[in-house]
Amino acid sequence: MASERLTERRRVYQQYKADVKERGKPFFPYAMWHDTIMSLVVVVVIIGLAVVWKYTTPGNHHTTDPGWLGKLYDNPADPGTINFVPRPDWYYYFLFYLLRIFKWPESVLLGTIGIPTIALLLLIALPFIDLRSERRISRRPVAIIAGILVVISMGVLTFKGATAKEALGSELLGHVSAWAKKEGYTGNQAAVKGAKLFAVSGCLNCHVYNGDGGQNLGAPELTAEGAKNKGIAFQIAHLKCPSCKNPGSPMPSFAGLGDDRLKLLATFLESSKGSK
Amino acid sequence: MATRTKPTRGQQLQEAINYPLDWVEERSGLVGGIKYFLFRKVPGDVNWFQTLGSATFTAFLVQALTGVILAMYYKPDPKDAYSSIQHITNDIFAGWLVRGMHRWGASVFIILMFMHMGRVFLFGAYKFPRELNWIIGVLLLAMGLGEGFTGYLLPWDQTSYWATVVGININGTAPFLGPFLAQFLQGGTYINADTLSRFYAIHMLMIPGAIAALIGLHMYLVIRLGVTSPPWSKEAAGTGPLEQPSQNGTARSGLTRPGTRKDGR
């Protein structure tokens, strides 16, 4: 059976070769002319993007303010300031947003590693899954529908990733007293200080706390983190090295904050018993 | 005895051109190879969509060229990386253009790879005997995305730094290989000064070398196996078995392929 299919595929290919030999046209000049025009279009588009990027940057085109196509550069990297938005380049948005759909800890591995690996393996396996010689679009409904679904889902994920809201530290500082009231730690000075650190350290770019925050990268909600009673020592150790405590966690180390501030953060987390 | 006629100017010119070509041809076969490349037959109805592959290659060449120029000024060291990027963007003549072309050429390259892949998928051009070339293409796509990931860190600004921290952490979560991959990328247990130079080496030597080699193989296979015709093509080469003139002359016979070919016209 299988060899019959192989014989058929070989026959189709031999026929293709004979047909092209008999009725095809030489690559040069016609096809090559089309290739040349298309390549020129590509180069012009790239130059155009570079020009728009530079000349829509406000001021003297040297600033870190975004133009139409984004910033020329952000502020210099500072491993000490943790208030960051872990945002990849736009063509990774579909993966970036995929991670929001999955929740720590049950299924986040599926989003970070599982689905991309499966997608890559499926792509490699495609010619061995689809073994028919048939190439006409109307006779390949399964392949075409699968292709359209992939394009739509990648488009939606990219769009959602691009428009995902980001939490900004300066606005969030104003929410601290409301959090403290809801969670009932207004009298605990260390916890309130920790909450302020929490607001400005970029934690809410991924985590959710009392309705604020970004829900990125499968980060768990922290509104009732203290109710789990993991203890201040655990919280500090986890902040220093998240993946040591939770293998597989993509959270970066916050050891750069220093022991004193980590203790405040840990106190804040342990005082967050859930909103009342 | 033949009299020796003086060669005309045209003949002399011809000989002057042919001599070096023949010299190269005799020693390498390159001229014949290029002739074969240029004058090989492709189906008569190749489509504009089929220029996406060479367009992707052009985008790669733009990346290679602008990358080499950037490498002349960029300093892969946490102390100097950011200021060298500012220097390229603001001080060097047309530096902003070269960097802008590299930065946006990356996006164009990746879009074109996806479009080219979509075209191959739509045309069913991954089918026998082109399976291997499809796999090479998938590897090229993965490597192109790897270029995007490693290049993103190089400006050493806040966005690139923290995106890479999280990106490496995500790599580290993979079962079995993950921790090793993360450690290899970082050059240590944590992101450090060596991480930047390591990303730089991967970005400008390791992956581009592999991409160039695979593109060569990819194109070799395209030339060897031939270009597919669009799947909607009526007269095109190698259409499927259903379009064969039917033996017992049912309605389908002669619909899309003239039956005359059978007797070896």
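Mentor: Start with A:P88. Is A:P88 buried or exposed? A:P88 is buried, because 20 other C-beta atoms lie within 10 Å. The cut-off for buried is 20 or more, so A:P88 qualifies with 20. Remember throughout that this is a predicted model, not an experimental one.

Where does A:P88 sit? Look in the loop between helix 2 and helix 3 of chain A. Now list the partners. Leaving aside residues up to four places away in sequence, A:P88 touches A:F96, B:Y152, B:A163 and B:G167. So check both chains when you zoom in on A:P88, because the partners carry both chain letters. A:P88 and A:G161 are 73 residues apart along the chain, yet their C-alpha atoms are separated by 9.8 Å.

Step back to the interface. In total, 69 residues of chain B are in contact with 67 residues of chain A. Helix 7 of chain B gives the largest share, 12 residues. By class, that side of chain B has 42 nonpolar, 22 polar and five charged residues.

How confident is the predictor? The complex has an ipTM of 0.85 and a pTM of 0.84. Chain B averages a pLDDT of 86, and 87% of its residues score at least 70. Over residues 240-265 of chain B the pLDDT is below 50. That stretch still has 24 contacts in the model beyond near neighbours in sequence.

Phi of A:H61 is near 65 degrees, a positive value in a residue that is not glycine. Most residues other than glycine have a negative phi, and most peptide bonds are trans. A:H61 counts as partly exposed because 16 C-beta neighbours lie inside 10 Å.

A:N229 is another residue with a positive phi. Its phi is near 50 degrees, and it is not glycine either. A:N229 lies in the loop between strand 3 (212-213) and helix 9 of chain A. A:N229 is exposed, because 9 other C-beta atoms lie within 10 Å.

Now the peptide bonds. A cis bond joins A:F28 and A:P29, with omega about 5 degrees. A:P29 is in helix 2 (residues 27-55) of chain A. In chain B, a cis bond joins B:F128 and B:P129, with omega about 0 degrees. B:P129 sits in the loop between helix 5 and helix 6 of chain B.

Finish with chain A as a whole. It has 11 helices and three strands. Along the sequence the order is α-β-α-α-α-α-α-α-α-β-β-α-α-α. The radius of gyration is 27 Å, while a compact globule of 276 residues would have one near 19 Å. The C-alpha atoms fill a box of roughly 90 × 60 × 30 Å along the principal axes. Of the 276 residues, 33% count as buried. Take the contacts with a separation of 6 or more: 62% of them join residues 24 or more positions apart. The domain assignment gives domain 1 (1-76) and domain 2 (169-271). Their C-alpha centres lie 46 Å apart.

Methods: Residues numbered from 1 in each chain as written. Chains lettered and ligands numbered in written order. Predicted model: local features only at pLDDT ≥ 70, side-chain atom pairs only at ≥ 80, totals over all residues. Helix = DSSP H or I, 4+ residues; strand = E, 2+ residues; numbered from the N terminus. Rg over C-alpha atoms; globule rule 2.2 N^0.38 Å. Buried ≥ 20, exposed ≤ 12 C-beta atoms within 10 Å, placed from the backbone. Contact = placed C-beta atoms within 7 Å. Domains from an automatic or database assignment. pLDDT = per-residue confidence, 0-100. Nonpolar A, V, L, I, M, F, W, Y, C, P; charged D, E, K, R; others polar.
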